[in-house]
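Please read the following notes with the model open beside you.

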Amino acid sequence: MFKRWLQQTTMATMVALAPLSVMAQETPKQGGDIVVTYKDDITTLDPAIGYDWVNWSMIKSLYSRLMDYAPGTPNPVPSLAESFTVSPDGLIYTFKLHRGVKFSNGREVVASDVKYSIERAVDPKTQGPGAGFFGAIKGFEDETGGKTTLSGIETPDDSTVIFNLSRPDATFLHVLAINFASVVPKEAVEAAAGDFGKKPVGSGTFILKDWTIGQQLVFERNKDYFVKGVPYIDSFKVEVGQEPLVALLRLQKGEVDIAGDGIPPAKFLEIKNSADGAQMIVDGEQLHTGYITLNTKVKPFDNVKVRQALNMAINKERITRILNGRATPANQPLPPLMPGYDKSFTGYAYDVAKAKALLAEAGYPDGFETVLYSTNTDPQPRIAQAIQQDLAAVGVKAEVRALAQANVISAGGTEGEAPMIWSGGMAWIADFPDPSNFYGPILGCAGAVPGGWNWSWYCNADLDKRAVAADSMSDPAKVAERTAAWGKIFTDIMADAPWIPVINERRVVAKSLRMGGADNIYIDPTRVINYDAIFVKQ
């Protein structure tokens with residue numbers, strides 16, 4: 001589907017597609033209030049900063065972007081943009097905005113808001129992790145170097161935004177659909193005085209009405225949203241501090257509608273085999289890889305032989321058993337469903353003897369001591385303990401620190417702090433269905449910055465150049481060549497072993513019997529949960 005879309009939109013023709021619509025068997029009903037649960041609180045609702053799978057869905061619904069996705073699919077469609085054109089050389093994108101769209105503060109959204117929002121996302125002072133996505137826009141290097149505007153974004157009038165790129169970018173429409181491209185009003189950001197993440201103002205489908213830290217967030221339907229009839233529910237309340245097992249029991253009693261942390265493995269078979277199991281469980285494949293980061297700036301992980309040895313030390317099959325088989329072992333960063341995945345690549349086989357030999361060769365015949373970070377939501381601490389046991393078998397003594405997700409993210413984004421991180425519970429799920437998304441933020445040099453998500457702090461300038469060259473292949477005739485180039489980048493990365501790819505996990509969600517909508521909007525590939533498209537049946 002991605003290839004077909006690319007062929008349609010890289011021509012210099014006007015594109016105007018229908019607004020978002022629900023892909024569901026039932027007829028959506030208007031109204032209803034729902035309850036969603038998570039164990040951990042949300043850290044921010046600022047789209048330039050937020051980058052975890054819990055706040056991602058909420059940010060999607062609070063703000064609008066030039067592009068978005070058809071619900072439950074990876075297919076980009078115009079959203080805040082009414083239409084757009086692309087020049088034949090792929091270097092100029094011109095967008096026409098819907099008129100009359102309003103922020104929740106009552107002001108109309110204009111082209112200069114789009115320009116400001118993207119410049120803010122790129123500005124180093126924002127300390128957001130998404131700047132690298134916009135690297136193809138002219139002036140990017142200047143702004144990341146200290147200037148405050150992007151010369152490549154023009155706003156000739158209030159309803160026109162023109163992007164001038166320094167190189168073709170095959171992912172650019174996807175980039176304009178990610179959360180970092182969300183449009184915000186400058187006056188609200190400045191009035192919040194550094195606290196915009198707690199006082200969000202957007203033009204999306206919902207408005208934040210209440211946030212009681214450590215307890216709940218309440219989102220109400222934006223009655224002025226520019227697409228009539230969307231969203232369907234009147235409100236959703238997110239209750240935080242809920243243990244997944246307790247949340248599931250409450251869901252079975254009808255007190256909760258979506259258990260956001262999923263079904264604990266210990267309860268999965270019981271729920272699956274229950275009378276209502278088929279209606280409660282949504283189970284699907286996703287563009288996901290769970291991995292262990294090895295901080296290349298912290299000894300002894302600055303030694304490639306150590307990193308390679310630990311890749312051989314982890315029993316991935318045992319971890320899939322902890323998850324009741326809801327995952328398969330991984331051997332490379334890309335998940336099997338992603339274009340560029342190399343089926344012939346075998347990676348590092350589980351081999352304790354070879355791991356020990358390689359550690360000895362690296363100068364650590366007796367192993368070493370280190371720290372392994374993990375989130376504290378089941379089953380992640382149990383998986384971390386399994387990893388700890390595997391490491392002990394090769395002489396590596398790892399202290400497990402199981403913390404709230406926000407604390408793990410903070411440690412990963414702080415240079416020199418976290419030697420190893422098990423990414424489970426926040427492992428990489430593609431922002432958009434393109435192999436480049438598994439590189440820039442989490443393995444590229446642009447992500448190896450304070451607050452970034454490249455927790456290995458791995459930066460290979462040669463691979464960065466190859467990544468730029470691959471993304472510059474925006475000609476539809478070069479799709480296969482581009483895909484092959486990306487695939488080789490990821491298998492070459494494994495020679496440096498900044499990660500231990502562990503699993504490709506399925507997404508399993510539990511929803512109450514009263515919730516309606518197609519399964520794919522509960523495991524939406526670009527939103528996680530699509531609050532815009534779900535509805536209440538009764």
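Predicted model: local features only at pLDDT ≥ 70, side-chain atom pairs only at ≥ 80, totals over all residues.

1. Residues are numbered from 1 along each chain as its sequence is written, and side-chain values use heavy atoms, with hydrogens and water left out.

2. The mean pLDDT (the predictor's confidence in each residue, from 0 to 100) of the protein chain is 92, and 95% of its residues reach 70 or more. Residues 1-24, however, have pLDDT below 50, although this stretch has 58 contacts (heavy atoms within 4.5 Å) in the model beyond near neighbours in sequence.

3. The open sheet consists of 4 strands in the order S4-S5-S7-S6 with antiparallel pairing, where two strands pair if DSSP finds at least two bridges between them. Its edge strands, each pairing on one side only, are S4 (81-86) and S6 (153-157). S4 and S5 (residues 92-97) pair over 5 bridges and form a hairpin with 5 residues between them, in whose turn Gly90 has a positive phi of about 75°. S5 also pairs with S7 over 5 bridges, and Phe95 stands opposite Val161 in S7.

4. In a regular strand the side chains alternate between the two faces of the sheet. S5 has a covered face formed by Tyr93, Phe95 and Leu97, and an uncovered face formed by Ile92, Thr94 and Lys96.

5. A search of the whole structure finds 25 aromatic pairs, meaning rings of Phe, Tyr and Trp (its six-membered ring) with centres within 6.5 Å, called stacked when the planes are under 30 degrees apart, edge-to-face when over 60 and tilted for the rest. Tyr51 and Trp453 form an edge-to-face pair, 5.6 Å centre to centre with 70° between the planes, and these two residues lie 402 residues apart in the chain. Both are buried (under 20% relative accessible area, against over 50% for exposed and partly exposed in between, with a 1.4 Å probe and protein chains only).

6. Why does the pair of Trp453 and Trp455 count as stacked? The ring centres are 4.7 Å apart and the planes lie at 25°, so the pair is stacked.
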